[in-house]
Amino acid sequence: MEKLLIEANAKGFYINKNWSENVLNDLNSWFAIRTIEIKKLIKGELNIIPKDSILPDLIQKVTGLKVGLSGSVENASTIRRVLKNNFISFAEIFNKFVVDVNYHLVYDESGKYGKEVMFIVDGLEKIMTAELRKRIVIDESNRIKSINANLIFTLPIELMSERQYLSSFSTEKTFPVVKLINRNNSEIKEAIDKFKEFIYNRIDLSLFDSEKTVEKAIKMSGGSPRELLKIIQRASFESDSIIDMNALNKAISELAKEQSRFLTTADITKLKELHKNTQKNIPYDDIEQKLLEQNIIFEYNDGSFKRVNPIIAESEIYRQNVLGG
Amino acid sequence: MSWEVENKTNLALLNKALNGNAFSFIIAEYNIYTAVDNLIPHIKSTFPEKKIKSLFIYNNTYRNFVDELFREDNCIIIIHDFEYIYYNDEIAIGLNQRRDKLSQQKIKLLCFLDSNFEKIKNISKNIKDLWSIKNLHVQFKSEAYFQSNIFFDKINVLSQGIELITSNYVETQNKIEEYLNQLQEIENNENLKNDYTLKTRIWLSIAVYYIQIQKYDEALTFADLIYKYASKNNIKLDLSVSLNLYTIIYYEKGNFKKSIKYSTENVHLLNTLSTKNTDDTRLITQGIRYIVLSYVQLNKQQNNTYKREYEQAVFELYSIINANEYENKFNDVIFVNSELINIYLGRKNEKRAIECMNVAIKTTIENSDKIDDAEIEMLIAFSKFYYNNKNYSKALELLEIAEKIVTANQLKFEKLNLYIHYPKGFIYADMRNYTLAKQSFEKALEIITKTNSPEIYNHLVSTINEKLNTINTFN
């Protein structure tokens, strides 16, 4: 919200617009009342409005509360409690504000600023604990729903198990890793070529002995750019000059050992199930979720097609226990 | 074989990861501390132009740690005790959250990590984001059982992967909870709140339980309570109890100098007590055992700097044991003889070392119904000694003795069976008896499959399979 206010202010959306001023006045009053309420409740002297700010009054109030949230735990929970208790009235005013900003966007002649406000909540994985992350998404869902704006929540993979609940009020879209191989094992040339482009934008082709080596590295990545870079970096460590097939194979074998080190009996059972059912979907459970989080398996298409990470498939333990038995 | 030659491949990988200026996050896993002692000078000599900075997680605050971390650019930062991130949520969460900022630093973050399967598994979960950008994970390990030349590491090597406390963890925590509630009740009871004998007993129980579940800082709080009250009122026995707790806690926390300090103080105190009964002798020998063990660890860390003090403690222990008779003395006899073997092997006096070995073996056989895992491990380690000297029949004989004891006490030692059949495979393979070697390795694999968590033995499984493949080509 702070960002939106600053942006709207910078673009001059609120100059001489009577209706906008009303909406802003409402928001301003709401924050003013809350600020007084919070000041009464918090212990000690706490100036939650930063001094010498050049921002307009409302932005100062919003920023002030944000600064207060990063203060002492006690004060932060007081601020949170007050805001939560008054959220319904806030949502009502804020929704008017969103409509107002959208109005300005639609009629902005330059057409530079898009059509509608959209909020993106990213970086949730940086929240302290998995429990807290879950609480934000699940416990706060009613509050989230009461804001009438487009909202994209990038969910950490561990919260994908909540997808059924989330889909009751949102559209869930999986962004899988890039599919390089179809269910029938045929290669998707277009995807492989895109990955080649991805590599050559970063590493000169002359640093590889041949394009075959590049292709193998791509296939071993399972369609995950991060895995691909990891494989190439490890291959470069294994080589004394350019990255050749020997260095790549050594890298694959070492990474396979390293990444399969923590596989449990339950993981192996799940991998066996997956291996036997390449052509059909297997039922989702906690083990599968864990394997996805740990990049032991990757999902493709809409998440329904899953495959073992090709690096894991190269490990001794996988060969013996999944392929062998 | 020199250390550099032995670790040539890993060192080459490490050098490449440390080269250049871009950010790298490197894990160097070790199971013998000498790896750290050897690696640091190696890095210094390979990158003489680079600034190297040491950081510790143990006893550090997040603020101080990140300030130090973000202060430097273009340097190698060595974190000596990365395993402590497991105990320090503040640093773990903070580093994980600031992963992106950290990766913009032009530093090489080299983290030494003590090899412990469960710990590493949990660390990788706790700092998932940071762990995912790991550039290199190298293992400086004397992993294959017979490759270790360090005799006194037998217990470390063999205990690796054996679950020690997990089954009783919840039960122990409940016990602690129960005692803490009792303490609360005592504090609220006017008649009992000044009953320090009762309180000391409870403090001791809580401290011991906390030690069992490896919560050493919490144990320390209760050891402090006993120490403060006992020293204020000059209750020598309780004082000795608290000193004993300090000795154990600091040893487990890896602060060996402090452990030695408290143990020495305790041994001195016990010597001044008028009633020198057998219990006191046992406590004195236990105290000296901790001194010996602490010097062993310090010598590992600091390249035998405390060799003289270590030897002195071993000989002191030896003379006390010889001069006294007390219950379960055999434990100390076996322990002191294994330490004497180290000393004599260090002095190249193999004849005397073998004499001590024979005393330890004889005592073990005579007390086979009372001995513990450590003694079986010792027999296996002795077998390793003979194997290294290519005396295969003696090496096998010792493993047979170990196996007999294990078979007679099946429930108690079941998990050790693996460490009997695994080396047997190597011995038979070297004797070119491939049929028996195969049988032994297959037996080891069978034991692994039957364990509750076979995955913790993945490293052994791959070594066995490699060996079996070689055997199959000979067959």
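**Close-ups of a predicted two-chain model**

**View 1. Where chain B meets chain A.** In this predicted model, four salt bridges turn up across the interface of chain B and chain A. Much of chain B's side is built from named elements: helices H2 (8-18), H5 (89-97), H6 (99-102), H7 (117-126), H8 (128-132) and H24 (458-474), plus strand S5 (136-140), each put in at least two residues that touch chain A. Sort that side of chain B by residue type and you get nine nonpolar, nine polar and 10 charged. Nine residue pairs are in polar contact across the interface, with both partners at pLDDT 80 or more.

**View 2. How much surface goes under.** Chain B brings 28 residues to the contact and chain A brings 25. About 2400 Å² is buried between chain B and chain A, and carbon and sulfur atoms give 47% of that. On the chain B side, look for B:Leu13, B:Lys16 and B:Gln97: they lose the most area to chain A, together 22% of what that side buries.

**View 3. A salt bridge from chain to chain.** Over all chains, the salt-bridge count comes to 43. The pair in this view crosses between chains: A:Arg261 sits in the loop between helices H12 (245-259) and H13 (265-276) of chain A, while B:Glu29 belongs to strand S1 (residues 24-30) of chain B. Their side chains meet at 2.6 Å, N to O. Both A:Arg261 and B:Glu29 are buried.

**View 4. B:His80 and its polar partner.** Find B:His80 in the loop between strand S3 (75-79) and H5 of chain B. Its side chain makes a polar contact of 2.8 Å with the side chain of B:Ser54. B:His80 counts as buried because its relative accessibility is 10%, and the cut-off for buried is under 20%.

View 5. B:Glu355 and B:Arg352 pair up here, with their closest N and O atoms 2.9 Å apart. The two are three residues apart in helix H18 (residues 350-366), so about one helical turn separates them. B:Glu355, at 35% relative accessibility, is partly exposed, and B:Arg352 is partly exposed too, at 26%.

**View 6. Another pair, in helix H20 of chain B.** B:Lys394 forms a salt bridge with B:Glu397, and the closest N and O atoms are 3.6 Å apart. Again the spacing is three residues, in helix H20 (residues 392-408), so B:Lys394 and B:Glu397 lie about one helical turn apart. B:Lys394 counts as partly exposed at 21% relative accessibility, as does B:Glu397 at 39%.

Methods: Residues numbered from 1 in each chain as written. Chains lettered and ligands numbered in written order. Predicted model: local features only at pLDDT ≥ 70, side-chain atom pairs only at ≥ 80, totals over all residues. Heavy atoms only, no water. Contact = heavy atoms within 4.5 Å. Buried area = accessible area lost by both parts, 1.4 Å probe. Polar contact = N/O pair within 3.5 Å; in protein donor to acceptor, adjacent residues only side chain to side chain. Helix = DSSP H or I, 4+ residues; strand = E, 2+ residues; numbered from the N terminus. Nonpolar A, V, L, I, M, F, W, Y, C, P; charged D, E, K, R; others polar. Buried < 20%, exposed > 50% of the residue type's maximum accessible area, 1.4 Å probe, protein only.
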